[in-house]
Amino acid sequence: MDGMTSGSDLVSFPTDEGRATTEAIIDDPSNALICLDFDGTLAPIVADPQDARPDPEAMAALERLLTRVGQVAIVTGRPVDVALQLGGFAMLPDTSRLRVFGQYGAETWNGATGHIHVPAQPPAIGEAKLQIERMLADLSAQNPALRGTAIEDKGLAIGVHTRRAADPAEALVELTPRLDTLADRLGLITEPGRNVVELRAGHSDKGDVVAKLLDDPSIGAAAFCGDDLGDISAFAVLIKWRRRTGRRAACVVSASDEVPSLRERADVLCEGPSGIAAWLTSLTSTDS
Ligand SMILES: O=P(O)(O)OC[C@H]1O[C@H](O[C@H]2O[C@H](CO)[C@@H](O)[C@H](O)[C@H]2O)[C@H](O)[C@@H](O)[C@@H]1O
């Protein structure tokens, strides 16, 4: 452990809880729960969502963790099939303790059984896509800053990405209130993220996923690793559980300049996905 804290400038412990939870997971992995967000946490942020891939060091650590940690969950805004394809999670040698929760918990994959659950697409999503396409065509004709804004059709949600727009920040400012209004009209919710706004049905959020996972009396220590606004509900549930049960729980933040406010929530502060990889590796290193 000392090696990690002093030897790596990628990981630090702003709270005693961060260090204590890390030690608790190392001491008793079989009763630990580790939850991981995908984009910006396991996988570095890239311009095109289809190009995202997990950090290889993180995947190597995940593979080792899956042989010793009680439960590991990938909790992501991605559709479950996309997360499986980009992450290669189903190809890991032992998936019996691994689950993937896609679309903020609306979709699931169980690594013990291989079972996938994907609910039917709400009709409002098809309508949202049509209206967003029209909105983007109209607005981009008037304002060049929006050109390059891309739509991601996720089945249960539509993502509107401005990362590749001529001016990502201005495009987001222009689009966000309009997308909020559209979502309201169609009975959907908006999910803001890193250069993205998603319209989705409000089935569940990451906090709901973590609450269900923590409803297991055998869990002695838990951690949630995230980088974006959609991860805050999970951090909140973790903190509530920690206060209620007196057990160890850490908010592990994959820090970025895009969401600087998240740093304040960190028990374990990791510098981006490389920091997350270093922290995961420290959980399995034999000299810790
Ligand atoms: O919950 P997550 O696993 O963090 O997924 C949230 C959304 O992430 C993806 O978008 C983000 O990552 C892209 C690839 O690095 C990047 O281009 C984009 O700007 C980011 O917002 C993904 O495309 C969405 O479907 C996820 O919901």
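Modeller: Let's start with Ala47: one of its backbone N or O atoms lies 3.4 Å from an oxygen atom of the ligand. Keep in mind that this is a predicted model. Side chains join in as well. His161 places a side-chain N or O atom 3.4 Å from a ligand oxygen, and for Arg163 the distance from a side-chain N or O atom to an oxygen of the ligand is 2.6 Å. As for cover, the ligand on its own would expose 580 Å², and the protein buries 97% of that. The space the ligand takes up is also the largest cavity.

Now step back to the whole shell. It's made of 20 residues, and the closest are Asp37, Val46, Arg163, Arg194 and Glu198. By residue type, the shell splits into 8 nonpolar, 3 polar and 9 charged.

And where does the site sit in the chain? The domain assignment gives two parts: domain 1, built from 11–119 + 204–284, and domain 2, covering 123–200. Where these two domains touch, 23 residues come from domain 1 and 14 residues from domain 2. Their C-alpha centres are 27 Å apart. The ligand lies between the two domains, because domain 1 and domain 2 both give residues to the shell around it.

Technical notes: Residues are numbered from 1 along each chain as its sequence is written. This is a predicted model: local features need pLDDT of at least 70, side-chain atom pairs count only at pLDDT 80 or more; totals for chains, interfaces and linings use all residues. Side-chain values use heavy atoms; hydrogens and water are left out. A residue is near a molecule or strand if one of its heavy atoms lies within 4 Å of it. A polar contact is a pair of N or O atoms within 3.5 Å; within protein, one must be able to donate a hydrogen and the other to accept it, and residues adjacent in sequence count only if both atoms are side-chain atoms. Accessible areas come from the Shrake-Rupley method with a 1.4 Å probe; for residues, only the protein chains shown count as cover. On a 1 Å grid over the protein atoms alone, a cavity is a set of points where a 1.4 Å probe fits but cannot get out, and a pocket is an open set with protein on both sides within 12 Å along at least five of seven lines; lining residues have an atom within 4 Å of a point. A molecule sits in a cavity or pocket if more than half of its atoms lie within 2 Å of its grid points. Ala, Val, Leu, Ile, Met, Phe, Trp, Tyr, Cys and Pro count as nonpolar, Asp, Glu, Lys and Arg as charged, and the others, Gly among them, as polar. Domain bounds come from an automatic or database domain assignment. Contact means heavy atoms within 4.5 Å.
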